[in-house]
Amino acid sequence: MGMTMTQKILAAHAGLDTVEVGQLIQVDLDLVLGNDITTPVAMEEFYKIGVNQVFDKKKIAIVPDHFTPNKDIKTAENCKLIREFVDEMEIENYFEIGQMGIEHALIPEKGLVVPGDVGIGADSHTCTYGALGAFSTGIGSTDMAAGMAMGKCWFKVPGALKFILKGKPQEWVSGKDIILHIIGTIGVDGALYKSMEFVGEGIKHLTMDDRFTMANMAIEAGGKNGIFPVDELTLEYVRVHSKRPYTVYRADEDAVYEETYEIDLSRLLPTVAFPHIPDNIRTIDEVGDVKIDQVVIGSCTNGRIQDLRMAAKVMEGKQVAKGVRVIVFPATQKIYLDAMKEGLLETFIKAGAVVSTPTCGPCLGGHMGVLAKGERAIATTNRNFVGRMGHPESEVYLASPAVAAASAITGKITNPKDIV
Amino acid sequence: MMKTNGRVFKYGSNVDTDVIIPARYLSTFDPGELAKHCMEDLDSTFSSQVKSGDIIVGEKNFGCGSSREHAPLAIKASGISCVIASSFARIFYRNAINIGLPILECPEAVEKIENGDVIEINFKKGIIHNMTKTEFYEAQPFPEFIQKIMESDGLIKYIAKGLAQQKSGGE
């Protein structure tokens, strides 16, 4: 029986010719990732294993991005513990403030993941690297500790859902709208324990940044991973960013999928997820009158250069609505610099937005954009759970950078085509 | 742990890790501190009412969201002896097993158990006894490999044991 792309990657890393759905396997890891929330817990567990070194100093990446620049004494002390661990273990891929970025934008940019890899990360959005044709998935701190010690992780071989993308998206429809549409279609547990494999000729209309956004939110449908086939665009990205060898895996013709969905991208509209769950979607023409207090443009989902270009195109020459706070977070230092050179940051600042250093802060209600009771935000982030961005009685609406930027100008959720 | 019994705290579907332990408390990873704020944004009375041995019952997709292990750690440190749900989000499922927090998938139990029921769980047999209603429900047993991790009280002790055996020339 044929294997899906994910199953092929997992089989190869388990040293097996074939694997079957439900089989428990142990796979070799090409990347083990942690951040400043999950790594301190992993370090404690790592020491309990009884080894005194990590399995491979080059294959571990630690990115302090959640509560950094540190928001208080406790988070500063956690980051200090991480630095000491990194020094002791001689971990090569540690990214300090100044070289740092939001982990899931930074790791591909630094070339630390390439097609055919298996990567685990103690952050649920580690599924992002599926955009590059890698198997990557989120795990917790204990799995991170075991991965750092042994270079291995156990998995149950997942079944798969196939999403055949057709046609070309209309203007102002991007990866975020497509993935919100998919999550709305299958529900927040629609892909539970499964792979989401995106295929079809429509993919050629998606930029790498669109694909990163879509793979990033596979977890929001419960997916174990989201993955794209490797095409010329993927290989071009890899050539620019990495010197590591890679392997291209393709699904077998007779691979088995539990469900197949066909999506005509040309029929999709800008899409918004209403509180308090990402599958509570409405298309922009169904949104109604939703006034907002804060706009957040950034995060591991939508803080890449294409996202900032899209937002700047909408905001160019306009002013943020009175009473609305707009916070823009480029996802890495490189993206920040590129946005500066392209004049995007000037556009944002002149419009009345603030531009911040890369951080996950506002996305999880950590710092730099926390909401008060009763406030509403529209954000390009990935989750809108109760209390996600601050007060349990605040609200988060998820949308693309274009919709978020248009909403910044009018003060209510707005279709970009109505103001550009 | 072979058996446990306690009172049920029942919640709905998609109980996410942000409500289990909100991000504003993630600057610490001390289990006792995390327990003080467990379930706070969903049920502000939970931490003051929960007693050792009590059980959480959720519906679909329990533990969805973040990979933060602080979530199962907070639940375990609250004294909860088991979480029963009709399905678990996969990272939460792994994390719970890895830290030795017992969890059971049992849609029938979820359907029939009500908030406040007292139940007894026999982990070896996978039998849930609803003492309030005098009903029995059968849960999915863990695969053998996961049972071994649970018996070792989590993944780290399981690995450490394996390494020690290798060093001593064992299996």
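Which residues in helix 7 of chain A meet which residues in helix 8 of chain A? In this predicted model, A:Met208, A:Arg211 and A:Phe212 of helix 7 meet A:Leu233, A:Thr234 and A:Tyr237 of helix 8. By residue class, the contact between these two helices of chain A comprises four nonpolar residues, one polar residue and one charged residue. Two packed helices are described by the angle between their axes and the distance between the axes. For helix 7 (residues 208-216) and helix 8 (residues 232-241) of chain A, the axes come within 10 Å and cross at roughly 95°. Because angles of 65 to 115 degrees count as roughly perpendicular, helix 7 of chain A is roughly perpendicular to helix 8 of chain A.

The interface between the two chains was examined next. Contact between the chains involves 42 residues of chain B and 49 residues of chain A. Together, chain B and chain A bury about 3700 Å², with 62% of this area on carbon and sulfur atoms. Three salt bridges are found by the rule across the interface of chain B and chain A. A salt bridge is formed by B:Lys60 with A:Asp189, whose closest N and O atoms are 3.6 Å apart. Between chain B and chain A, 16 residue pairs are in polar contact, with both residues at pLDDT 80 or more.

On the side of chain B that touches chain A, at least two residues are supplied by each of helix 1 (17-20), helix 4 (70-77), helix 5 (90-99), helix 7 (144-151) and helix 8 (155-167) of chain B. Helix 5 of chain B provides the largest share of this side, namely seven residues. In composition, the side of chain B that touches chain A contains 20 nonpolar, eleven polar and eleven charged residues.

Backbone geometry was also considered. Most residues other than glycine have a negative phi, and most peptide bonds are trans. In chain A, a cis peptide bond joins A:Thr68 to A:Pro69, with omega at about -15°. A:Pro69 is located in the loop between strand 3 (60-63) and helix 3 (73-89) of chain A. The peptide bond from A:Pro275 to A:His276 is likewise cis, and its omega is near -5°. A:His276 lies in the loop between strand 12 (271-273) and strand 13 (281-283) of chain A. In chain B, B:Thr134, a residue other than glycine, has a positive phi, near 50°. B:Thr134 is placed in the loop that runs between strand 6 (127-130) and strand 7 (135-138) of chain B.

Key:
Residues numbered from 1 in each chain as written. Chains lettered and ligands numbered in written order. Predicted model: local features only at pLDDT ≥ 70, side-chain atom pairs only at ≥ 80, totals over all residues. Heavy atoms only, no water. Contact = heavy atoms within 4.5 Å. Buried area = accessible area lost by both parts, 1.4 Å probe. Salt bridge = Lys/Arg side-chain N within 4 Å of Asp/Glu carboxyl O. Polar contact = N/O pair within 3.5 Å; in protein donor to acceptor, adjacent residues only side chain to side chain. Helix = DSSP H or I, 4+ residues; strand = E, 2+ residues; numbered from the N terminus. Nonpolar A, V, L, I, M, F, W, Y, C, P; charged D, E, K, R; others polar. Axes fitted to C-alpha atoms, helices over the stretch in contact; angles between N-to-C directions. Parallel < 35°, antiparallel > 145°, perpendicular 65-115°, else oblique.
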